[in-house]
Amino acid sequence: MEKELIYALEIIGTFVFAVSGVSTAASKKFDILGVVIIAFVTAIGGGTLRDVMIGVQPVSWMLDLNYIYTIILAVIMSFFFLPYLLKLRKTLFLFDAIGLGLFTILGLEKALAIGLSPVVAIMMGTVSAVFGGVLRDILCNTVPLIFSGRIYASNCIAGGIVYLILITNGVDKNLTMLFTVSLIIILRVLAVRRNWSLPAIKWDGNH
Amino acid sequence: MEKELIYALEIIGTFVFAVSGVSTAASKKFDILGVVIIAFVTAIGGGTLRDVMIGVQPVSWMLDLNYIYTIILAVIMSFFFLPYLLKLRKTLFLFDAIGLGLFTILGLEKALAIGLSPVVAIMMGTVSAVFGGVLRDILCNTVPLIFSGRIYASNCIAGGIVYLILITNGVDKNLTMLFTVSLIIILRVLAVRRNWSLPAIKWDGNH
Amino acid sequence: MEKELIYALEIIGTFVFAVSGVSTAASKKFDILGVVIIAFVTAIGGGTLRDVMIGVQPVSWMLDLNYIYTIILAVIMSFFFLPYLLKLRKTLFLFDAIGLGLFTILGLEKALAIGLSPVVAIMMGTVSAVFGGVLRDILCNTVPLIFSGRIYASNCIAGGIVYLILITNGVDKNLTMLFTVSLIIILRVLAVRRNWSLPAIKWDGNH
């Protein structure tokens, strides 16, 4: 049951990241194919970067067409529901948080599985969750959202640390996964609701 | 003969993509080395990204110096003919379209050869043809041209689909290749001549 | 002794590139994690890109945590000494030049070691030394510094060529390494001091 659950959640994460890509690209007045490309980059960019860095090639989404179909479905549904997307934004944001939580833990597991150290695994989990959005922002030529002062990648790191502590202390893996994914989601929701931010660095002087 | 023809056309494609990089970089007032770097990125960036994602490493241009020599030759010739480049732009654009057609089909073939599915192969063909230009635009800090509303990547996808249909139905490979490369080139030329564009997405609301 | 020296210098290079990343990110008012991410990208981005292109995976910094610890230490120290960083800029710049020299030669050696040709090896050395900064600038959404007209990557190429000439002519490897790293550093210092620049390309006409 564990595998089916993970797979289902992974597909959901792909779906919502793709929708998030559509929103960004549509607001930039890209044409339809541009929107599709941005949806793909947002949904699979983080996992692709992780796979390439740790040496999993062909990158994993290439070997299971369901990821591609999910993204295309997300784009089509976004077109039909575009007027409602704005109102749905709170729900969407929740799904995006789910993707964030899930991709972090899945990416972390992948890195551990090929024998990388816990510190590197946390980094790879964070890269999986966060860099799809970073690549999206680079292609749209804006300063990546993760640098905008809102708590974002920190949730992934925090969740990853808790995951490793629990696993190391013998807590059941399914339980740990469920707990830490939820933790990342809840932290993300609280961060946005309460406007949490990390302190910005003040740099005195002219640059 | 097939291999020699492909190789010759691949070198021509590399050449014209490099020239296209020189034009962009020169208009940004980069120094000579900056121009050379942009020429390289434009000419080999798409193929490099494809190779890294599908796991062909060292990436293919590293194993045949003719690609590097071709790019350097393209840069040198661009310097000598810079005043004429503007007037030649129509010819250049035609060569760029040739590169687009060829790199799409070659990239698609490479992906099929390592056993990837047709859908992924079309994507990799398009990445080969288009992402050199995307990387060039990112380095020059402009919104990538492919998102500007002009038909560009769609030609590659259309050509890739036709290629797969013909091959699957037993049409001769050389003929199919010749036909689909031409198709992509002609579609591109028509798209620019007649100002074809895909519809942009309208997003009602403040973002 | 050769290996220990290289390792020590490599760690120093990582340290100073990380500090250079902190300065850039801090001047952009990123939050603490944003600053850490930029420090990592600046310090290990070039080597990561090189490793991925030549097929060394997992990329090398993942297998030795000292690189990560060094970057974290660099960020912490930067925070404490931020007010002094401006005054230290000349010293920092010297360290950055050291990193440039060292990463060029180390990257070049890595490429030669897996059997790539000298020309490609020089390119990979330059990529190692220069692309961390390029990726940093892309993430900060500015035109990369290497395109700004100051001599930068040219030093790496010059040093790489001299390295290959000396090695080919049987000069002692340690000596060659020491000499060419120093050469790149000195050229870089002179280039900044005396405001050397490569000629920019003039492009007559409207684009």
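This note goes through a predicted model, point by point.

1. Fold content. Chain A is helical: it has eight helices and zero strands. Read from the N terminus, its elements run α-α-α-α-α-α-α-α. Chain A has 207 residues, and 54% of them count as buried.

2. Contact range. Take the contacts in chain A between residues at least 6 apart in sequence. Of these, 74% join residues at least 24 apart.

3. Chains A and C. Chain A superposes on chain C with an RMSD of 0.0 Å.

4. Cavities. How many cavities of 30 Å³ or more does a search of the whole structure find? The search finds five. The largest cavity holds about 70 Å³ of space. Its lining draws on three chains: A:Ile138, A:Asn141 and A:Thr142 from chain A, B:Ile138, B:Asn141 and B:Thr142 from chain B, and C:Ile138, C:Asn141 and C:Thr142 from chain C. As for the approach, rolling a probe the size of a water molecule over the atoms shows where empty space is left.

5. Helix α8 of chain A, length. This helix covers residues 173-193, which is 21 residues. From its first C-alpha to its last it reaches 30 Å. That is close to the 30 Å expected at 1.5 Å a residue.

6. Helix α8 of chain A, ends. At the start of α8(A), look at A:Asp172. One of its side-chain oxygens comes to within 3.3 Å of the backbone nitrogen of A:Asn174. Beyond the helix, α8(A) is followed by A:Asn195, which has a positive phi, near 60°.

7. Helix α8 of chain A, burial. Which residues of α8(A) are buried? They are A:Thr176, A:Met177, A:Thr180, A:Val181, A:Ile184, A:Ile185, A:Arg188, A:Val189 and A:Ala191. The list includes A:Arg188 along with A:Val181 and A:Ile184.

8. A:Phe15. This residue is in helix α1 of chain A, residues 2-27. Is A:Phe15 buried or partly exposed? A:Phe15 is partly exposed, because its relative accessible area is 22% and the cut-off for buried is under 20%.

9. Neighbours of A:Phe15. Leave out residues up to four places away in sequence. A:Phe15 then touches A:Thr70, A:Leu73, A:Ala74 and A:Met77. A:Phe15 and A:Leu73 are 58 residues apart in sequence, yet 8.0 Å apart in space, C-alpha to C-alpha.

10. Cis peptide in chain B. The bond from B:Gln57 to B:Pro58 is cis, and its omega is near -10°. B:Pro58 lies in the loop between α2 (32-54) and α3 (66-80) of chain B.

11. Cis peptide in chain C. Between C:Gln57 and C:Pro58 the peptide bond is cis, with omega near -10°. C:Pro58 has its place in the loop between α2 (32-54) and α3 (66-80) of chain C.

Definitions and conventions:
Residues numbered from 1 in each chain as written. Chains lettered and ligands numbered in written order. Predicted model: local features only at pLDDT ≥ 70, side-chain atom pairs only at ≥ 80, totals over all residues. Heavy atoms only, no water. Helix = DSSP H or I, 4+ residues; strand = E, 2+ residues; numbered from the N terminus. Expected span 1.5 Å × (residues − 1). Buried < 20%, exposed > 50% of the residue type's maximum accessible area, 1.4 Å probe, protein only. Polar contact = N/O pair within 3.5 Å; in protein donor to acceptor, adjacent residues only side chain to side chain. 1 Å grid on protein atoms, 1.4 Å probe; cavity = no way out; pocket = protein on both sides within 12 Å on 5 of 7 lines; lining within 4 Å. Points joined across faces, edges and corners; volume = space filled by probe spheres on them. Contact = heavy atoms within 4.5 Å. Least-squares fit on C-alpha atoms with pLDDT ≥ 70 in both.
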